[in-house]
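This report walks through one protein chain, from its overall form to its side chains. Please keep the sequence and the 3D view at hand while reading.

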Amino acid sequence: MDVLTLVGVATGGVTLLGAAWRGLRELHRFIDTVARNTTAVTALADRLEAHTTATTTALTALDKRVTTLEMIP
């Protein structure tokens, strides 16, 4: 193998390694984005659950008041 072939193979290898490295960085960014979005969705679900619980509690209290008013002659 002559020197030019060796240089060409080495250059091609470096180019492939660079492309693989960029691909891994992109994959890492994608995974980070998914993790942030998952955290955000979980936080929204927790807030929704809290609001649902508060609404249910308020409706139960209102139902008790209405029931009490219906008992008054």
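What radius of gyration does the protein have, and what would a compact globule of 73 residues have?

## Overall form

The model is predicted, and the values below are computed from it. The protein has a radius of gyration of 31 Å, whereas a compact globule of 73 residues would have one near 11 Å. Taken along the principal axes, the box filled by the C-alpha atoms of the protein is roughly 110 × 10 × 10 Å.

The secondary structure consists of one helix and zero strands, and helix α1 covers residues 3–71. A pair of positions illustrates the spacing along the chain: Ala-19 and Val-34 are separated by 15 residues in sequence, and their C-alpha atoms are 23 Å apart in space.

Of the 73 residues in the protein, buried residues make up 0%. The protein exposes about 6600 Å², and carbon and sulfur atoms supply 72% of that area.

Ala-19, which lies in helix α1, counts as partly exposed because its relative accessibility is 38%, a value between the limits of 20% for buried and 50% for exposed. A nonpolar surface patch of about 640 Å² is made by Trp-21, Leu-24, Leu-27, Phe-30, Ile-31 and Val-34. One of these residues, Ile-31, is found in helix α1 and has a relative accessibility of 48%, so that Ile-31 too counts as partly exposed.

## Charges and the salt bridge

Side chains of opposite charge can pair when their charged atoms come close. How many salt bridges does the count come to? The count comes to one salt bridge, and its partners are Glu-26 and Arg-29, whose closest N and O atoms are 3.2 Å apart. That distance qualifies because the rule asks for a side-chain nitrogen of Lys or Arg within 4 Å of a carboxyl oxygen of Asp or Glu.

Both Glu-26 and Arg-29 lie in helix α1, where they are three residues apart, about one turn of the helix.

Definitions and conventions:
Residues are numbered from 1 along each chain as its sequence is written. This is a predicted model: local features need pLDDT of at least 70, side-chain atom pairs count only at pLDDT 80 or more; totals for chains, interfaces and linings use all residues. Side-chain values use heavy atoms; hydrogens and water are left out. Helices (H or I, at least four residues) and strands (E, at least two) are DSSP runs, numbered from the N terminus. Buried means under 20% relative accessible area, exposed over 50%, partly exposed in between (1.4 Å probe, protein chains only). Patches are made of residues with over 30% relative accessible area and no salt bridge: like charges are joined within 9 Å, nonpolar side chains (Val, Leu, Ile, Met, Phe, Trp, Tyr) within 5 Å. Accessible areas come from the Shrake-Rupley method with a 1.4 Å probe; for residues, only the protein chains shown count as cover. The radius of gyration is taken over C-alpha atoms; the globule rule is 2.2 Å times the number of residues to the power 0.38.
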